[in-house]
Amino acid sequence: MPISSPSASALRHPPKPRPGDRVAVLSPSSGLPQRFPVPYELGLARLEKDFGLIPVEYPTTRKWGAGAQERAADLHAAFADPDITAVFASIGGDDQLTVLPHLDRELFRAHPKPFFGYSDNTNLLAYLWNTGIVGFHGATVMCELGRPGAMHPLTADSLRAALFTPGPYELRPAERCGDENGDWDDPDTFAAEPALWPGGGWRWHGPERVVEGPSWGGCIEVLSWMLMADREIQEDPAAYDGCVLFLETSEELPGADEVYFVLRSMGERGLLRRFPALLMGRPKAWSLSRPLSGEAKASYVREQRAAVLRALAVYAPDTVAVFDVDLGHTDPQLVVPYGGTIRVDGVARRITVTY
């Protein structure tokens, strides 16, 4: 059955929580809190101490291998509970796609709440978008709140604004950034903050004009699964007309060809040209299983950028694109509204989001 597309005016910002409120912490993708309790409990402590929120766990939050229906039940319970004012994902994963068929859209529509997550949580963010609810791409409990040493100040400031302050928030390039993280099984990982290097700023491409519209997008790999399964992707590409697309890649380090093939498929489907602006997240170019360094890391980043430009040249030559934005699998990480307004000013080289 086709999904009814919300218009930009129909996308609703849920009421924001206040310090002292109870917020749900769920694992709609994977129960990694059971396997890695240290970053998870660190994130819970910061949620309470630094943001004044009371985290509430659910049956599958710390359950490894929970079924799709179980995870859907936790989502329903959290959104329906009048004492819960926001919902946080503990972390991402790789099978949230299987949860979507078990969700009750009318329940979410009747009880809209801010949801925070990214990576595999692209599934749920797109689901909420199609339900008419603005979500927030970023700020998982284990990764951003549970960052070793301390939260990055830019991440914390962005999250605080997204949580508590409605209205415009200007994104700024990080002066220093990183993508290397320690092994969560090693206690020494949490003894110091991750290493950072000079950020290098954003890279702008395309016409110098101003684009403003509701946002849509997420993790490229997850969007490709959604496209293949035909889940939460509008049948009519015109549903995305005027939206600002934002994309990022994960710690799986997809190759340049894979990135191009996904964008090519979006182009062939008539999707890519619908977006007059694209924010491309700074690619993560290091993982524990593939620790690139030096020229290999720089080459990976250049090749991924070239793949995106190649797709835009064919399918969306008039799109304003900004590369190396600190969103997604980045450190620091800026929270991006999913369905909220983003203003991309190609003249003044500024990006403003509306929380």
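Predicted model: local features only at pLDDT ≥ 70, side-chain atom pairs only at ≥ 80, totals over all residues.
Visitor: Is strand β3 largely enclosed or left open by the rest of the structure, and how many of its residues are buried?

Guide: Strand β3 covers residues 84-89, a run of six residues. Buried means under 20% relative accessible area. The strand is largely enclosed by the rest of the structure, because the buried residues number five of the six.

Visitor: How many bridges join strand β1 to β3, and which residue is the bridge partner of Leu 26?

Guide: Strand β1 (residues 22-26) and β3 run parallel, and four bridges join them. Within this pairing, Ala 24 stands opposite Val 87 in β3. The bridge partner of Leu 26 in β3 is Ala 89.

Visitor: What is the hand of the crossover from β3 to β4?

Guide: Strand β4 (residues 115-117) runs parallel to β3, to which it is joined by two bridges. Across this pairing, Val 87 stands opposite Phe 115 in β4. The chain passes from β3 to β4 through helix α4 (residues 105-110), and the β-α-β crossover is right-handed.

Visitor: What is the strand order of the open sheet of eight strands, and which are its edge strands?

Guide: This open sheet of eight strands has mixed pairing, in the order β6-β16-β15-β10-β11-β12-β13-β9. The twist averages 25° from one strand to the next. Pairing on one side only marks the edge strands, which are β6 and β9 (203-205).

Visitor: Over how many bridges do strands β10 and β11 pair, and what angle does helix α8 make with β10?

Guide: Strands β10 (residues 210-219) and β11 (residues 244-248) pair in the parallel sense over five bridges. Trp 216 stands opposite Leu 245 in β11. Helix α8 (residues 220-229) packs on the sheet and touches β10, β11 and β12 (277-281), its direction making an angle with that of β10 of about 80°.

Visitor: Which strands does helix α10 touch, and what angle does its direction make with that of β13?

Guide: Helix α10 (residues 294-315) packs on the sheet of eight strands. The strands touched are β9, β12 and β13 (320-325). The angle between the direction of α10 and that of β13 is about 165°.

Visitor: How many residues of helix α5 are buried, and which residue follows the helix?

Guide: Helix α5 (residues 122-131) is largely enclosed by the rest of the structure, because ten of its ten residues are buried. Among them are Asn 123, Tyr 127 and Trp 129. Arg 105 lies over the face of Tyr 127, at 4.2 Å from the ring centre. The residue that follows α5, with a positive phi near 95°, is Gly 132.

Visitor: How many aromatic pairs are there, and are Tyr 169 and Tyr 355 stacked, tilted or edge-to-face?

Guide: The count comes to 14 aromatic pairs. In the pair of Tyr 169 and Tyr 355, the distance is 5.2 Å centre to centre and the planes make an angle of 35°. Planes under 30 degrees apart count as stacked and those over 60 as edge-to-face, so the remaining range, to which this pair belongs, is called tilted.

Visitor: Is Asp 324 buried or exposed?

Guide: Asp 324 is in strand β13 and has a positive phi of about 70°, although it is not a glycine. Its relative accessibility is 7%, so Asp 324 counts as buried.

Notes. Residues numbered from 1 in each chain as written. Heavy atoms only, no water. Phe/Tyr/Trp six-rings, centres within 6.5 Å; stacked < 30°, edge-to-face > 60°. Lys NZ or Arg CZ within 6 Å of the ring centre and 35° of its normal. Pairing = 2+ DSSP bridges. Axes fitted to C-alpha atoms, helices over the stretch in contact; angles between N-to-C directions. Contact = heavy atoms within 4.5 Å. Buried < 20%, exposed > 50% of the residue type's maximum accessible area, 1.4 Å probe, protein only. Right-handed = clockwise from strand over helix to strand, strands pointing away.
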